[in-house]
Amino acid sequence: MVKNIAVIRGDGIGPEIVDQALKVLDKVAELYGHTFNYTDVDMGGCAIDKYGDPLPEHELKKCVESDSVLLGAVGGNKWNDVPGHMRPEKGLLRLRAGMGVYSNNRPAKIWPQLSDASPLKKEIVDKGIDFIIVRELIGGIYFGEHKTEGDVATDVLTYSESEIERIGRIGFETAQKRNKKLCSVEKSNVLDSSRLWKKVMHRLAEEYPEVELSDMLVDNCAMQIVKNPAQFDVIVTENMFGDILSDEASMITGSIGMIPSSSLGATTCGLYEPIHGSAPDIAGMDVANPIGTILSAAMMLRFSFDMPCEADTIENAVSAYLDAGYRTADIMSEGGTLVGCRQCGELIIQNLRKG
Ligand code: IPM
Ligand code: MG
């Protein structure tokens with residue numbers, strides 16, 4: 001198959017981690033006889049420097065016209081003082097909205113090889129950590145009106161029933177394919193938008209009788225994720241709660257550097273990115289962990305290109321790499337062999353075997 005991939009290296013460690021993922025994709029293409037064409041897209045701080053805009057229309061167009069988008073990370077201290085609507089992150093939000101990718105899937109799964117890297121007690125980790133956060137990605141407070149007038153700043157949080165319903169369906173469908181437990185997370189003791197959220201989830205539950213729906217307030221959920229993560233199968237939640245909970249969930253699996261994500265909307269053209277940021281403090285030092293990006297590329301093959309064997313090939317290679325004891329600095333522990341970003345990519349490539 002021939003697939004056209006828009007590639008956004010972005011800022012900070014973005015370029016170095018994306019380069020490793022592309023090398024992995026090239027090797028997979030060779031093994032399975034595919035052709036992956038790459039189109040470079042400028043987004044984030046680098047686009048601000050080049051065009052004075054974090055995501056110019058012509059760059060967004062390349063993404064929308066691609067078969068899928070692979071993204072490293074955007075942002076950095078250098079652009080901290082630019083006005084809000086011009087920040088690098090604004091490019092990312094415009095990209096998500098422009099692609100219509102409302103459903104963000106963030107797995108929190110502990111690799112058995114990394115159970116020591118979790119900050120949780122062993123007896124909690126041993127009960128298992130394997131759940132998915134389905135995060136609504138193009139609504140809520142991120143996309144409401146933002147304004148500052150004198151000494152008052154306002155951000156508006158709005159959800160419509162249809163926005164809740166479409167992400168709710170993804171939550172139920174994801175749970176249906178797994179252990180059939182869906183936890184809807186909101187703040188319905190305070191927010192109107194959360195009360196609407198809860199109502200829509202319960203209405204949908206009637207259409208998915210085999211899925212067991214539970215409700216949880218977001219503050220309690222933050223607590224339960226560290227207290228008893230084994231209770232979760234799929235969590236569905238709104239944009240900002242999902243942002244916060246997915247960072248928390250990643251940490252209990254050892255490192256945010258390991259976690260990929262997929263974002264999809266009405267078509268198979270998806271956005272694939274690690275959930276971590278651009279880590280400007282370690283940019284260009286060849287110490288970043290590229291696995292979050294490499295696994296994001298695997299998700300692209302699985303969810304957008306219908307290439308499950310190819311995706312398994314990548315995930316198995318990551319597992320074999322971890323089995324061999326190699327560790328980037330973020331997950332380094334006693335007895336491991338410390339490797340850099342590039343070497344990590346190369347070692348994973350050596351473990352790619354056609355399934
Ligand atoms: C994420 C990031 C982004 C978000 C930022 C960079 C805008 O934190 O993907 O989780 O808040 O969605
Ligand atoms: Mg985040």
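**Inside the cavities**

The lining of the largest cavity draws its largest share, three residues, from α7. This is a predicted model, in which local features need pLDDT of at least 70, side-chain atom pairs count only at pLDDT 80 or more, and totals for chains, interfaces and linings use all residues. Residues are numbered from 1 along each chain as its sequence is written, and side-chain values use heavy atoms, with hydrogens and water left out.

Here a cavity is a set of points, on a 1 Å grid over the protein atoms alone, where a 1.4 Å probe fits but cannot get out, and lining residues have an atom within 4 Å of a point. Points are joined across faces, edges and corners, and volume is the space filled by probe spheres set on them. Two cavities of 30 Å³ or more are counted.

The largest cavity has a volume of about 50 Å³. Around it sit L157, Y159, V185, E186, L191, S193, S194, W197, E238 and F241. At least two lining residues come from each of β8 (181-186) and α7 (192-205); helices (H or I, at least four residues) and strands (E, at least two) are DSSP runs, numbered from the N terminus. By class, this lining has six nonpolar, two polar and two charged residues, where Ala, Val, Leu, Ile, Met, Phe, Trp, Tyr, Cys and Pro count as nonpolar, Asp, Glu, Lys and Arg as charged, and the others, Gly among them, as polar.

Now for the second largest cavity, with a volume of about 40 Å³. Its lining includes R106, P107, A108, I133 and S246. β4 (103-109) and α9 (239-252) are the elements giving two or more residues to this lining.

Methods: Chains are lettered from A and ligands numbered from 1 in the order in which they are written. On a 1 Å grid over the protein atoms alone, a cavity is a set of points where a 1.4 Å probe fits but cannot get out, and a pocket is an open set with protein on both sides within 12 Å along at least five of seven lines; lining residues have an atom within 4 Å of a point.
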